Amino acid sequence: MSLKIHQDHSRFKEIVRGKIKANLKKYVQKGEMIGKRGKDVISIPVPFIDVPHFKYGHKEQGGVGQGDGEIGQQLAPGAVQPGSGKQAGQGEGDHALEVDVSLDELAQILGEELQLPNIERRGHERIVAQKIKYTGINTTGPESLRHFKRTYKQALRRQIAMGAYDPRVPVVVPTREDRRYRSYKLQNLPETNAVIIYMMDVSGSMGDEQKEIVRIESFWLDTWLRHQYKGIECRYIIHDAVAREVDRETFFHTRESGGTMISSAYKLCREIVKADYPSGSWNIYPFHFSDGDNWSADDTRNCVEMLRADILPVVNQFAYGQVESPYGSGQFIKDLRETVGDLENVALSEISDKDAIYQSIKDFLGRGK
Amino acid sequence: MSPKSLSPPLRQLKTEIEGYAREFGLDFFETVFEVLSYDELNMVAAYGGFPNRYPHWRWGMEYEQLSKGYEYGLSKIYELVINNDPCYAYLLESNAEVDQKLVMAHVYGHCDFFKNNFFFAHTNRRMIDEMANHATRVRRWVDKIGVEKVEDFIDRALSLENLIDYHSPYIRRKPDPQRAEEESKSNDRVEGFKVTREYMRGFVNPKEFLQEQRRKVEVEKQKAKKMPERPQRDVLLFLLEHSPLEPWEFDILALLREEAYYFAPQGQTKIMNEGWASYWHSTIMTRRALRDQEIIDYADHHSGTMGTRPGAINPYKLGLELFRDIEDRWDRGRFGKEWDECDDLRARRAWDRKLGQGREKIFEVRKHYNDVTFIDTFLTPEFAIEQKLFVYGYNEKRNSWEIMDREFRKVKNKLLLQLTNFGQPIIEVVDGNYENRGELLLAHKHDGQDLKADYARDTLKNVQMIWRRPANLITKVEGKGLMLRYDGQNHSEKKVEL
């Protein structure tokens, strides 16, 4: 049910995020509530906006309290709350986790912050699948859907009500009217299939810092795409001179050494797409991260051909992020830019350091593909 | 919102609890209970108890706090009651029966207080309707003027909403215009004292005396030309009457001021009101309404409400204990000259005149007092010790809050200071035509504590934006006079002699 306060609520949230009314932004304060989740003490941020009033500096003010303690004894941190008492204050303490936004909300914030357009789904206009969902209980139905427990309960209830139930001889006999059946509804599910294929160069030149960048960036890409498509699939490919498919864990933590043959990854990507994701019903997002130091010009040519012929025609968007490594940045992005850079479903981005992630996400997702 | 009418068991509970309340002599408006789900209750609470308020983000802010607190299981609203005739109170749908009883008993305490306490006498008892009207008015302006403009203006006005005269509903600050006119007429001619024998005139009213009188009248007249005649605490009223406001601005400022006055007595009697309601829920529950199997739950919730933290006063606890203390003292005759002058500790401890006036006394107290006078009159040294009250302050060296003192005088003074004007600085309009340039001059009545400077500047800016001409504020910083000024573009300040 929708309450009318939700309007005020979302307006407040927008102010806190600084989206509207920038003049109030400076009065936004971080409050927190201290809560518990399992054993952990967690901090739940409760931002509030402190509209200016004529008031006293709180530290000058002090106050009256109640309880034990010697004169000069310190009060527990967080015991004194600035403000009108009702508002949450800034306590300190050793609580590690912060619970604030759900991933979905995060994606929304991301979307607003970067002004990301919603993704235009392609291909299939509206593939609608029907799904059967058991939602209730009925008094009629096929025997195969009979709900034994409910039937039994009903019979028991009836017998007790009639006085026919004897606890010493607990025999319960359901009659026709006692029978209960599961009932179902057909639900229409709009179906959108999407897959992200992450490819990462793990050759010797990709250090921990580079991987960190890739990891952070993929987290945000992931969050956004998950927000756009429910039930998204992810595939992970790592490559040096040869490519292989791995699980998520390995993807982010492997460090290998050796040369770089980007074409190997693209080849694998192509195979995966061909085998599992017919482009008619799938939204496909390959992301490739590398330091751009490809083995040879031949190989690069190979890559471009593969992109042109097999990958670009079937994917929503092909994204390449070039991370700057300690050995400098490679040639690959320039080659791509010259060859396929003009195509509209190619996104290229150079990520020089962590601060550049922000811009890069925008490069990748800013087109609504 | 869809209030559900009371279920039969709840209706029965209501009849039962209402019966006990009447039996104990509580006197209240008809009370309507509505059952709400938790998010509806959070919404109503965020709206300050009303089902309908003007659109503004701050309700959303309250709502966020309340719903986060509830969702993480940290806090939950037990009772919510509004001062209206009939009184409206809300019950949380998911509460157990014993909680509903407790809430009802507590609510009847509040309703009795609303109806009988002197400080509520002037409040609008149809405030539910009035609030809904305000909401409609603001929405209409939003449609006409635009949401941004209206909201910005409300933000600005809210920043000044505490600049009202909390005592003005009970006294007449301005002379009533008719009388004032008569007085001014009679003052025009200075004749001195009445003379019955003409030859005595020169002796009764010597020339110098008459001149002196004429001069005084002149001065008075000069004063009367000043605007306002004497410093005026109701800054909002002054702005309403004298600022060049657009009609929509005037309307909104006026309704915000009205709401501020409506809520003021609740702030002025927080300790008493909660104390009184807690006294009655405790009395009704333990003497009448509780069933054996409910005792543990009741005790748990009651103690939860009464819990204290070292850094703050819990109004429920302090109020309840003080009412009980008063009842006990008047039951045993521990008051008056004889008691005050008795130094014999043993006699004091055994003192019992068996007067039995306690109940009667607390009913009288709930009628005539507010928090300031309540604490001032009834907080005794014994009580302060028993309740372990202390003054805390900030230790700059250790960078922490600590207990400063447990001495009775200091505790009481600090408490009173916190309660006076809600612990907010007193700001007055001194001159609406300052320097004869139509500037506004405000003055802060400094009582030993400096204003928070950045907030003062920003608030002054909001004053200026309503007044439209430069705004000035005289205050003191570290003992020296300072005048803050905002002229519409720049802040400035200069030293002044006070």
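Helices, of at least four residues, and strands, of at least two, are DSSP runs numbered from the N terminus.

Figure 1. The secondary structure of chain A comprises 10 helices and 14 strands. The chain has 369 residues, and 30% of them are buried. Take the contacts in chain A between residues at least 6 apart in sequence: 74% of these join residues at least 24 apart.

**Figure 2. Confidence along chain A.** Mean pLDDT for chain A is 78. A value of 70 or more is reached by 80% of its residues. Among the elements of chain A, helix H4 (residues 148-162) has the highest mean pLDDT, 91. Strand S6 (residues 97-98) of chain A has the lowest, 42. Over residues 82-100 of chain A, pLDDT stays under 50. For this stretch the model has 39 contacts beyond four places in sequence. Where pLDDT is low, the predicted coordinates should not be read in detail.

Figure 3. H5(B) covers residues 127-145, 19 residues in total. From first C-alpha to last, the helix reaches 26 Å, close to the 27 Å expected at 1.5 Å a residue.

**Figure 4. An open sheet in chain B.** Five strands line up in the order S6-S7-S8-S9-S10 (chain B), with mixed pairing. Strand S6 (426-434) and strand S10 (491-495) of chain B are the edge strands, and each pairs on one side only. From one strand to the next, the twist averages 25°.

**Figure 5. Strands S6 and S7 of chain B, with a helix across them.** S6(B) pairs with strand S7 (residues 439-445) of chain B in the antiparallel sense, over 6 bridges. B:His444 in S7(B) stands opposite B:Ile427. Helix H10 (residues 235-242) of chain B lies across S6 and S7 of chain B. H10(B) runs at about 25° to S6(B).

**Figure 6. A cis peptide bond in chain B.** The bond joins B:Asp85 and B:Pro86. Its omega is about 5°. B:Pro86 is found in the loop between strand S2 (80-82) and strand S3 (87-92) of chain B.

**Figure 7. B:Lys354, a residue with positive phi.** B:Lys354 is not a glycine, yet its phi is positive, about 50°. The residue lies in a loop of chain B, between helix H16 (345-350) and helix H17 (358-368). B:Lys354 has 7 other C-beta atoms within 10 Å, so it is exposed.

**Figure 8. B:Glu478, a residue with positive phi.** B:Glu478 is not a glycine either, and its phi is positive, about 50°. B:Glu478 sits in the loop between strand S8 (471-477) and strand S9 (480-486) of chain B. B:Glu478 counts as exposed, with 6 C-beta neighbours inside 10 Å.

Definitions and conventions:
Residues are numbered from 1 along each chain as its sequence is written. Chains are lettered from A and ligands numbered from 1 in the order in which they are written. This is a predicted model: local features need pLDDT of at least 70, side-chain atom pairs count only at pLDDT 80 or more; totals for chains, interfaces and linings use all residues. pLDDT is the predictor's confidence in each residue, from 0 to 100. Two residues are in contact if their C-beta atoms, placed from the backbone, lie within 7 Å. The expected span of a helix is 1.5 Å times one less than its number of residues. A residue is buried if 20 or more other C-beta atoms lie within 10 Å of its own, exposed if 12 or fewer, and partly exposed in between; C-beta atoms are placed from the backbone. Two strands pair if DSSP finds at least two bridges between them. Axes are lines fitted to C-alpha atoms, for helices over the stretch in contact, and angles run from 0 to 180 degrees between N-to-C directions.
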